[in-house]
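I opened my notebook on this one with a simple plan: pick a residue, look around it, then step back to the whole chain. Here is what I jotted down along the way.

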Amino acid sequence: MLRWLLAYTASMVGDGVYFVALGWAAAEVAGPAQVGMVMAAGAVPRAVLMLGGGVAADRFGPRGAVLGSDAVRCAVILAVAAALAFASPGLWLLVAVALVFGAVDALFLPAVGALPPRLTGPDQLTRVQGMRALAIRTGHTAGPPLGGLAMGLGGTAAAFACAGGLFALSLTLLLAVRIGPLPAGPAARTEGAAGTGDRTEAGAAPGERATAWRELVDGLRYIRRHRLIGPLVVSGAASEILLNGPLNVGLVLLAAERGWGASGMGWIVSAFGAGAGAGALLITVRGRLPYAGRVQIGTLAVCAVTLGTVGLLPTLPAAMGAAGAAGLLAGVCGGLSQALILTSAAPSLLGRVTAVLSLSSLGLAPLSYPVFGAAAGRWGVGETFAACGALGLLVAFGTLLSPAVRAAELPRPAPGPARAPGNANHG
């Protein structure tokens with residue numbers, strides 16, 4: 001488990017370095033509009049191919065998918081670094097790199113999310129989600145400064161080489177990770193996914209090999225019919241859409257309106273990130289929380305209200321305090337939701353389930369940005385913050401209507417000596 005965590009952290013830091021290098025390289029050869037096009041190019045194949053990546057992770061195994069995608073990322077980024085060392089980057093090259101990177105991410109993200117249940121027991125998955133969230137925060141925090149340092153020392157070629165080196169480190173660590181067999185867990189045809197008839201988890205009659213499309217459709221049907229996973233996925237997607245607008249667009253508009261400037265916006269973003277990191281650390285240390293479903297709903301409700309107040313507070317310190325509290329609650333809420341989903345999903349469907357989760361945050365959430373901007377222009381920034389918070393509260397109340405979520409609990413530790421992550425054959 002430690003090797004997996006270090007590999008994932010190296011990959012997240014590499015992502016941060018890569019995005020800084022890509023943006024800077026684009027700014028050297030193009031105007032603002034073209035820079036935006038390059039930075040957004042990777043989001044298209046990532047969103048379009050994400051569900052297919054989940055099918056591939058389930059069909060061929062998450063370890064092979066992670067290793068293959070990491071190897072491709074490493075090779076592509078190092079090749080770009082070598083090309084930039086001898087020539088100026090062309091816009092076409094940067095767009096091509098962004099498209100390839102986004103397509104590979106569509107395979108990497110579902111596969112890496114499906115690995116933890118093969119590395120440790122169900123009672124440790126909450127801690128794993130906390131550690132994964134900490135790795136993501138580390139990438140967001142350390143990646144951009146490291147990319148800037150590399151560019152200061154050797155230009156964009158050095159920054160791309162740094163990112164490629166981090167992906168190579170991630171690949172090396174992942175090669176040393178040993179995973180167990182597909183864990184025993186809830187079958188696809190349970191009460192939560194009733195109505196599948198005599199077909200297997202893959203959607204084919206016994207003895208048949210389902211097509212990739214059939215597997216995708218059956219994975220989506222499984223999520224929709226599952227009494228716990230379905231409501232949590234819908235709640236998570238709605239929350240991402242409603243609360244990412246204030247964080248990614250609203251804070252820019254709010255800082256400009258209040259005269260806090262770019263530094264003020266940075267302080268608020270940092271406060272939210274620090275709070276989210278603290279929430280992830282709490283989940284990591286505590287592991288299992290009692291009444292997990294109710295706590296997840298409660299933290300979502302309070303997080304929505306707290307984030308909604310950020311736009312109404314008159315001073316920068318007050319806005320920072322509210323953002324930090326919202327981040328803490330978001331860290332706990334997100335960690336619990338992910339752990340509940342992973343521990344209740346059929347093991348052979350984990351890739352497709354995590355693909356849907358990744359799509360909701362990376363594919364759907366950006367759709368809210370222009371909507372938030374238009375609403376803020378019409379009704380005001382503070383009022384739009386408050387409206388998003390109120391709608392987020394309604395999402396929490398909607399989740400409260402699900403008996404399965406209200407009663408959801410995380411697995412209790414197995415009796416006998418505790419198994420530390422990474423022991424035996426789970427390296």
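This is a predicted model: local features need pLDDT of at least 70, side-chain atom pairs count only at pLDDT 80 or more; totals for chains, interfaces and linings use all residues.

**Entry 1: one alanine.** I started with Ala103, which sits in helix α5, residues 91-114. Is Ala103 buried, partly exposed or exposed? Its relative accessibility is 28%, so I put Ala103 down as partly exposed; the buried class would need a value under 20%.

Next I looked for its partners. Setting aside neighbours within four places in sequence, I found Ala103 in contact with Pro45 and Leu49.

**Entry 2: a pair of helices.** I then turned to helix α8 (residues 229-258) and helix α13 (residues 368-379). Their axes come within 8 Å and cross at roughly 55 degrees. Angles from 65 to 115 degrees would count as roughly perpendicular and those under 35 as roughly parallel, so I noted α8 and α13 as oblique to each other. The crossing of α8 past α13 is right-handed.

Which residues meet there? From α8 I listed Ile241, Asn244, Gly245, Pro246, Asn248, Val249, Gly250 and Leu253. From α13 I listed Ser368, Tyr369, Phe372, Gly373 and Ala376. Sorted by class, this contact has seven nonpolar and six polar residues, and no charged ones.

**Entry 3: the whole chain.** Stepping back, I counted 15 helices and zero strands in the protein. There are 427 residues, and 52% of them count as buried. I also looked at how far apart in sequence the contacting residues lie. Among contacts with a separation of 6 or more, 86% join residues 24 or more positions apart.

**Entry 4: confidence.** How far does the predictor trust its own model? The average pLDDT of the protein is 82, and 88% of the residues score at least 70. Among the elements, I found the highest mean, 95, in helix α10 (residues 292-310). The lowest mean, 72, belongs to helix α2 (residues 32-41).

I marked two stretches for careful reading. Residues 187-203 have pLDDT below 50, and the model gives this stretch 36 contacts beyond near neighbours in sequence. Over residues 417-427 the pLDDT also stays under 50, and here the model has 23 contacts beyond four places in sequence.

Conventions
Residues are numbered from 1 along each chain as its sequence is written. Side-chain values use heavy atoms; hydrogens and water are left out. Axes are lines fitted to C-alpha atoms, for helices over the stretch in contact, and angles run from 0 to 180 degrees between N-to-C directions. Helices (H or I, at least four residues) and strands (E, at least two) are DSSP runs, numbered from the N terminus. Angles under 35 degrees count as roughly parallel, over 145 as roughly antiparallel, 65 to 115 as roughly perpendicular and the rest as oblique. A crossing is left-handed if the near helix is turned anticlockwise from the far one by less than a right angle, and right-handed if clockwise. Contact means heavy atoms within 4.5 Å. Ala, Val, Leu, Ile, Met, Phe, Trp, Tyr, Cys and Pro count as nonpolar, Asp, Glu, Lys and Arg as charged, and the others, Gly among them, as polar. pLDDT is the predictor's confidence in each residue, from 0 to 100. Buried means under 20% relative accessible area, exposed over 50%, partly exposed in between (1.4 Å probe, protein chains only).
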